[in-house]
Amino acid sequence: MAELSDKAREEFFSEAQEIIETLSRNLLSLDSAIKAGISDPSLINEAFRAVHTLKGLAGLFGAARLGALSHRLEDVLDDLRLGRIELAQEVLDVLFGAVEAYTRILQAEKADSDEDLDVEQLFVELERIGAGATEHESPVADYELDPGLLAVLTEYEEHRLRANIALQMQLYRLRVQFDLATIDKVLEDMKERAKRHGEIITYLPTGEATSADTIELDLLMASRDDLATLIGSLGADHVVIEEIPRRARRSHPATMPPRRLTALGRGESVGMQPELERGGLEQAASLRSLTQTVRVDIRKLDHLMNIVGELAIVRSAFGRVAEKLRGEGQRKLAAELQRLHRNFDRRLGEMQDGILEVRMVPLGQVFDRLARVVRQISREVGKEIRLVITGAETEIDKLIVEELSDPLMHMIRNAIDHGIEPGQGRVEVGKPLAGTIALNAFQKGNHVMIEVEDDGRGIDLSRLTEKAISLGKLSRSEAQEMSRDEALALIFLPGLSTRESADDVSGRGVGMDIVKTNISKLGGVIDVHSETGIGTKMTITLPITLAIVSALLIQAGKHTLAIPLSSVSEAIAFEEAAVRLVDGREVITLRGQTLPLCRLDRLMALESAPHSTSRRRFVVVAALGQRRLGLVVDFLYGQEDIVIKPLGKSLSAVRGFAGATELGDQRVGLVLDAAGLIEEVLAGIEAPRTLERASG
Amino acid sequence: MANLTQSTASRLARRIGDRGPVREFLMFALAGELYGVELTRIKEILSPPPITMVPRAPRNVVGVCSVRGLLVTVLDLRRTLNLEERPLTRRGRILLGAAESGEVIGLLVDEVRHVVRLAANEIEPAASALGGDVSEFVLGIGRPAGEFLILLDLPSVVSG
């Protein structure tokens, strides 16, 4: 790759990445369109444009491999768009292969590696598809079309005309008078309205105009509606609509070979069905149009968020000064400062919200990638899968989205491989042949929930427990005492896989434990629900953002700690007398339900505060997903917005903390990792005291 | 351990060769001995801000503190070097340096003295000065004007 500044390189990679994602999305839409029997020319056009832009970009940045692939892909897409080759599943397979190849090439370029990426096979495939291109015989001659009009059709327009005729659309001519001053807008407007009825294929000036300020165009339109409907919808004083009659079938085919004549290809037709010239102008235009948005490194946003955090500390200081002034009898000055304080507070809040909003991206980003994976795996394992996505617009912190794609991918692989039965098996139990995987996302308070649901055979609990016993993870008597939920949770144990063979997509026994660890790192939890024969549903609960959170400040021992409010359901007074011991674990009863307790000071071996025993204490109920844990603390300070900073690498082995935050007055407070604590205490694992702290 | 020592010695020898004969060390006191770390390894010297103890952390970690918004893990050099522990006096300071991972780490020391310039012939490599079983933290012994200075390799101290 050519020598470039780091910034330009970054820009190039993120732009290329974006285009490839767009392409992938287009192909997926095409895939479902084909399955539904719909032909949507705009999708192929978009794919073509994406590849075309990528080719231009590759040229600008001297990325030869990217350019070579784009060039070949562009040819195939051009053939597709012009109807020279038919869009079949096999063609789509190759196109999806190209998307994978793009991703690999991009990674290699990023790493500055020259490794052989083995794209030759793909090139051969592309070549093979391209060779299948045929020139069509034209059924166009069946219509009494003006030869003058036909002669100037571009190849693309001719293809659209043919395609519409093939779909049994009726053709209409709209003779329209346009005011030269407003033609752009009016024409756009007409095209927009025409979309409801069909498609405007081309337009051509008639050369007859009533005055110097007007122009008359003939619009060729295909529609499934009848003349009366069109007149009702598009008709006006300056619009004359006529049906183009069908000729009696002629014995000889059309003699007119309309090849790529571009009388209409310039200037005025650009606004219409996009006419694509493979020249420099188009490339310049598409590169420019992409600069509407600004790409920002997420670290810069983190930095801004840090500043907001520090400003919040300044704000508290303001408040203190105001109080002090009031105390000293300077009422007027104090009131003035108080007003400034409130104003500052409000603006700071807006700024914080603004920055948070910028960090938010729709989950659709990762769902698109998953849709590609589903398609690929379903073809690999020969199971037909219907992927239903809801809530792709649900927004979540960019950092979380990045970390989500691997865990979700693994869950989906599991669902396809272990969950969905092979086609025949499904039919036998009366299920539709195609398995359904639903990917649902929605917001719930301060959390985003993501569900991965399949309508497969469900988790076989007896096999699961057998496997766990054979691996020595639990004893037979333990297995018998386990509740259904506890048994289901076995899938999260390391090394457990219910599939005997490891030859297929998942089933290697690495997986759900790693998925669970990754989700907990994001401050989330995962719950599993499964019904034999009906299906499995995994639910991930995640915080919306990691950048700034509302937290409850508490005291435990001598420590001031923060617990993210998103994982706190309530706080109640603690009564020592209400504690019961069940199987060595302390619990209390809260509104008829058993709540396991955790004494933070004991768990963390905290130094106790001087008179902690005499004082009233509290239970903070931490809840995530379906699990609850009561944390016994010494004091509640109240709620505060905090910026969580991760602990350094040297403390990465320390469990139970999500990071630390500044408390004002220069002090730092640790932030509890509620998900981790719930996990640790409920799983009954003794805290691994990494290095036993000596008494001194 | 012998291997480690040799590599430390050769590392030291190499550094001396690379960087010319005279190097600057920051001299500080710890449990009654004088130590030195190469000046270029130190980002900053701080009066200790309030330090928050981290439960479950490794033994040599005192806690975390905030240095102008940056979260810094503070190590007690006495614990790292297995010296007798004692509460800080008002002369106590924190030296900020970078670990091999790039993480900024604070090192708690009793008192910072001054900077000394040591020529190559004033430094005894650890292996020849102390023989076999020497901690990999020790680069060598410096002898400026009759003093005895234990030279530490800051990156390995803060990474260990």
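Okay, one definition before anything else: when I say two residues are in contact, I mean that their C-beta atoms, placed from the backbone, lie within 7 Å. Keep in mind too that this is a predicted model.

With that, let's start with chain B. Of its contacts with a separation of 6 or more, 56% are between residues 24 or more positions apart. The chain has 4 helices and 11 strands, and 39% of its 160 residues are buried.

Next, the cores. The largest nonpolar core has 155 residues. If you look for the residues with the most contacts inside that core, you get Ile563(A), Ala622(A), Val671(A) and Leu152(B). Helix 2 of chain A, residues 41-60, gives the largest share of this core, 9 residues. There's another core lying apart from it, of 22 residues, including Leu171(A) and Ile241(A).

So what does Leu152(B) touch, once residues up to four places away in sequence are set aside? The list is Tyr35(B), Val37(B), Phe137(B), Val138(B), Leu139(B) and Val157(B).

Is Arg628(A) buried, exposed or partly exposed? It has 18 other C-beta atoms within 10 Å, and buried would take 20 or more, so Arg628(A) counts as partly exposed. Also, its C-alpha is 8.9 Å from that of Leu682(A), which is 54 residues away along the chain.

Now over to helix 11 of chain A, residues 298-327. Those 30 residues reach 44 Å from the first C-alpha to the last, close to the 44 Å expected at 1.5 Å a residue. Which of its residues are buried? Val308(A), Gly309(A), Ala312(A) and Ala322(A). Among the elements covering them are helix 12 (331-359), strand 20 (635-643) and strand 21 (657-664) of chain A. After helix 11 comes Gly329(A), with a positive phi near 85°.

How do helix 11 and helix 12 of chain A pack? Their axes come within 9 Å and cross at roughly 165°. Anything over 145 counts as roughly antiparallel, and therefore that's what we call this pair. The crossing of helix 11 past helix 12 is left-handed.

A quick word on backbone angles. Most residues other than glycine have a negative phi. Arg591(A) isn't a glycine, yet its phi is positive, about 45°. You'll find Arg591(A) in the loop between strand 16 (585-590) and strand 17 (593-599) of chain A, and it's exposed, with 6 other C-beta atoms within 10 Å. Over in chain B, Asn82(B) also isn't a glycine and has a positive phi of about 55°. Asn82(B) is in the loop between helix 2 (77-80) and strand 6 (93-98) of chain B. With 9 other C-beta atoms within 10 Å, Asn82(B) is exposed.

Methods
Residues numbered from 1 in each chain as written. Chains lettered and ligands numbered in written order. Predicted model: local features only at pLDDT ≥ 70, side-chain atom pairs only at ≥ 80, totals over all residues. Helix = DSSP H or I, 4+ residues; strand = E, 2+ residues; numbered from the N terminus. Buried ≥ 20, exposed ≤ 12 C-beta atoms within 10 Å, placed from the backbone. Core = buried A, V, L, I, M, F, W, Y, C linked by C-beta atoms within 7 Å. Expected span 1.5 Å × (residues − 1). Axes fitted to C-alpha atoms, helices over the stretch in contact; angles between N-to-C directions. Parallel < 35°, antiparallel > 145°, perpendicular 65-115°, else oblique. Left-handed = near helix turned anticlockwise from the far one by under 90°.
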